[in-house]
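I opened the model to look up the annotated site and the aromatic rings. My notes are in the order of looking.

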Amino acid sequence: MSTEVRIKRITTRDIRARKGAEPLVVLTAYTAPIARLLDPICDILLVGDSLGMVVYGMETTLGVTLDMMINHGAAVVRSSSKACVVVDMPFGSYQESREQAFRNCARVMAETGCAAVKLEGGRELAETIRFLADRGIPVMAHIGLKPQAVHAIGGFRAQGRNDAEAEAIRADARAVTEAGAFAVLVEGTMEPVARALSAEIGVPTIGIGASPACDGQVLVIDDVLGLFDDFTPKFVKRYADLRPLITEAAERYAAEVKARTFPGPEHCFGMPKK
Ligand code: KIV
C-alpha cells in the first residue's frame, strides 16, 4: 500500500470561506524553485504580472504577454500542491469584451492548471466578471491602485485620497463582489477606505499597501527577499536581504575559478584524488 499522503489543494471556495477568519497569507511566485519553497507557507500563490518588472526588467507591467503568464503559471502549478494558484491576466487580454476575456482566461486555466485568474478593474469590469464566474472561471478582482492603468492615473500613487475617490473604490468593491468575484485584492489604497470596504463586502479582501483590516496580505516575493530594489513602495517590508549573499557567493566562485581551485577532484569525473 502506498504511504503517499495527498494534500488537497486550497480551493477558491475555501478562500471565500476565510472572510473574517484567520488572515490569508499570499505571496507572488513566478518560478518552480520559489513555488516549491512558498507552497507549504501560503494560502494563495499569485503569479502576478509584476513578473514583467521583477523577472523581465520592464518599467511597467504593460508589456507582459499571455504566453509569459502561461509559462510562469504552469511552472508554479507544477511545483506546488497545497496553495491555491491564481494567475494574473495581462494588459489587453480581457478589457476588449467579455468574450475576449473568456477566451483568454479559459486558455490560461487550461494551459496552466491554475484555480483562478485575477483581473484589474472595478465597476467597468463587473459585467465581464459575472460572465466569467457564470461560466466556471473563478475571478479575483484587483481594485484601488491598478498598475496596468499607471499611465491613466499618472503614476504609482495611492488611491482614495478624497471623498470622491474613496466612494469610487468602495463602489468598485461592491460591484465586483456582486458580480461574483471570490476575493478582492486592494492595492495602494488609503487605510480608512480599505478598512471600510473590507467591512462592507462579503468576500475576503487581500491588501497590499491597503490596511491590516484586510482579510489577508500579499507582497511580491522579490521585495520580501530584498532582490528587487529598482522601485520600493512605502508598503514593502523586506524580511531578508539576499543580494549581498548572492554577490558574495558569485565572487567566491569567480575567485576559485581564477585560482583553478574549482572544480576540485570531488567535482570531476576520473580525476585522481591527491
Ligand atoms: O502583479 C502582482 O504581483 C500584483 C501585486 C499587487 C501583488 O498584482
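The entries below cover the site, a lysine and the rings.

**Ground rules.** I am working from a predicted model, in which local features need pLDDT of at least 70, side-chain atom pairs count only at pLDDT 80 or more, and totals for chains, interfaces and linings use all residues. Residues are numbered from 1 along each chain as its sequence is written, and side-chain values use heavy atoms, with hydrogens and water left out.

**Entry 1, the annotated site.** I looked up "binding site" in UniProt, where an unreviewed entry lists Asp 49, Asp 88 and Glu 120. UniProt positions are in the numbering used here, feature names are shortened, and annotations may be inferred rather than shown by experiment. The three residues span 72 residues in sequence, yet no two of their C-alpha atoms are more than 10.7 Å apart, so they gather at one spot. I found Asp 49, Asp 88 and Glu 120 in the lining of the largest pocket. For a pocket I used a 1 Å grid over the protein atoms alone: an open set of points where a 1.4 Å probe fits, with protein on both sides within 12 Å along at least five of seven lines; lining residues have an atom within 4 Å of a point.

I placed Asp 49 in the loop between β2 (44-47) and α3 (51-54). Helices (H or I, at least four residues) and strands (E, at least two) are DSSP runs, numbered from the N terminus. Asp 49 has 4% relative accessibility and counts as buried (under 20% relative accessible area; exposed is over 50%, partly exposed in between; 1.4 Å probe, protein chains only). Leaving aside neighbours within four places in sequence, its contacts (heavy atoms within 4.5 Å) include Asp 88 and Glu 120.

Glu 120 is in strand β4 (residues 116-120) and is buried at 7%. Beyond four places in sequence, Glu 120 contacts Asp 49, and also His 142 and Lys 146, among others. I also looked up Lys 118, which lies in β4 and is buried at 2% relative accessibility. Among the residues Lys 118 touches, not counting those up to four places away in sequence, are Asp 88, Met 89 and His 142.

I found one aromatic pair (ring centres of Phe, Tyr or Trp, its six-membered ring, within 6.5 Å; planes under 30 degrees apart are stacked, over 60 edge-to-face, the rest tilted). Tyr 253 and Phe 262 form this edge-to-face pair, at 5.9 Å centre to centre and 65° between the planes. Phe 262 is partly exposed, at 33%.
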